[in-house]
Amino acid sequence: MQGSDRGKNQAPGSIRLGIAPQNGVGQAPPSSRRVHDPSTEGPLGLRRVNGALVVSIEREDRRNALSVATLEAFGNVFRHHLSAEDRAVIITGSGARAFCAGADLKERRDMTLDDVRAQLVRYRTDLAWLSTCPVPTIAAINGAALGGGLELALLCDLRVAAPHASFALPETSLGIIPAAGGTQYLPRIVGAAKARELVLLGTRLSAAEALRIGLIHRICEAEVSVLDDALAWVAPITGGAPLAQHAALRALRAADRLDIDAGLEFELSCYEECLTSEDRVEALNAFAEKREPVFKGR
Ligand code: COA
């Protein structure tokens, strides 16, 4: 593992994930316990907070750039650590300068063409689960989101940013293109015209501009940490009805790939999943009894 993958800014109470754990694979650890051997160092920190699995890139010295080890660690989060108790996944970066500066350009310099190709495959395998994750994924963008760092945020369902955050896809200025989904996700999120501008010109956007074009959903107050803001903002998700959240997510994501007729059909099938649930009955009873519902995910 690279020296820079042993980050210096690990948050108190968090643990590091670098390699796949040898035990507990596929098990759901209780929320109050560590989710991985704390002696294992790696580029990601994992914490469970208020029902959310918080994944933090701990490479501040490289502005949280995505190395081979970092992408593999992301894959391990999905393969070994995401559990049934996690109601949301929040991705953030360490420090205040960058959410993620994209590809690790220092590591990339020594890569062969096949190494680069293999890294592109890792984006599709170890990172892309964020766009199909069974629970909502949220990017808490604590600073610059550039290149693959912005593409990482685009894979998420929701994006919250600090006021000083900035956004750009500078790949064409580096002789490449955004190929971690950037050319495909960005037009779907901000529209074809704006996506062309951002990719072809490499325009850098402030948080306010990103909010205006719909690239992000929300800017937190300057005095609040973006992670805390995101955690509070997604409380209706982490405290909501799990089956309904899952069904809604599937239907919404399907809208990106289905035509309207097929999409409406699919929406009905997602509704059907909720129709027979105990949670639906509980919500109706709670309304009649003027109390908060207690959802069980059944
Ligand atoms: N890969 C590897 N290392 C990176 C990096 C990247 N993508 N981005 C920054 N770093 C390193 C710098 O080389 C520097 O290392 P050093 O201290 O050994 O010189 C360190 O992180 C700090 O960088 P610096 O530019 O001084 O930090 P900053 O806070 O002033 O600016 C950024 C942060 C992210 C705005 C700036 O570093 C930047 O623009 N990085 C390149 C982003 C990019 O083009 N990514 C590729 C997209 S395909």
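In this predicted model, isoleucine 141 sits in contact with Phe99, Ala153, Arg159, Val160, Ala161, Ala162, Ala165, Phe167, Ile216 and Val226, once its neighbours within four places in sequence are set aside. Ile141 also turns up, with Val89, Phe167 and Leu215, among the residues that touch the most other members of the largest nonpolar core, a set of 47 residues.

Glutamate 151 is a charged residue tucked inside. This glutamate is part of helix H4, which runs over residues 148-154. Glu151 is buried but makes no salt bridge. What is the nearest side chain of opposite charge to glutamate 151, and how many Å away is it? That would be arginine 124, at 7.0 Å; a salt bridge would call for a side-chain nitrogen within 4 Å of a carboxyl oxygen. Leaving out residues up to four places away in sequence, Glu151 touches Leu169, Glu171 and Pro178, plus the run Ala179, Ala180, Gly181 and Gly182.

Helix H12 covers residues 278-288, and its buried residues are Asp279, Glu282 and Ala286. Looking down the axis of H12, these buried residues fall within an arc of 55°, so they line one face of the helix. Their packing partner is helix H10, residues 242-254. Leu284, Phe287 and Ala288, on the other side of H12, are exposed. Just after H12 comes lysine 290, with a positive phi of about 50°.

Terms used: Residues numbered from 1 in each chain as written. Predicted model: local features only at pLDDT ≥ 70, side-chain atom pairs only at ≥ 80, totals over all residues. Heavy atoms only, no water. Core = buried A, V, L, I, M, F, W, Y, C linked by side-chain atoms within 4.5 Å. Buried < 20%, exposed > 50% of the residue type's maximum accessible area, 1.4 Å probe, protein only. Contact = heavy atoms within 4.5 Å. Helix = DSSP H or I, 4+ residues; strand = E, 2+ residues; numbered from the N terminus. Arc of directions from axis to C-beta. Lys, Arg positive; Asp, Glu negative; His and termini not counted.
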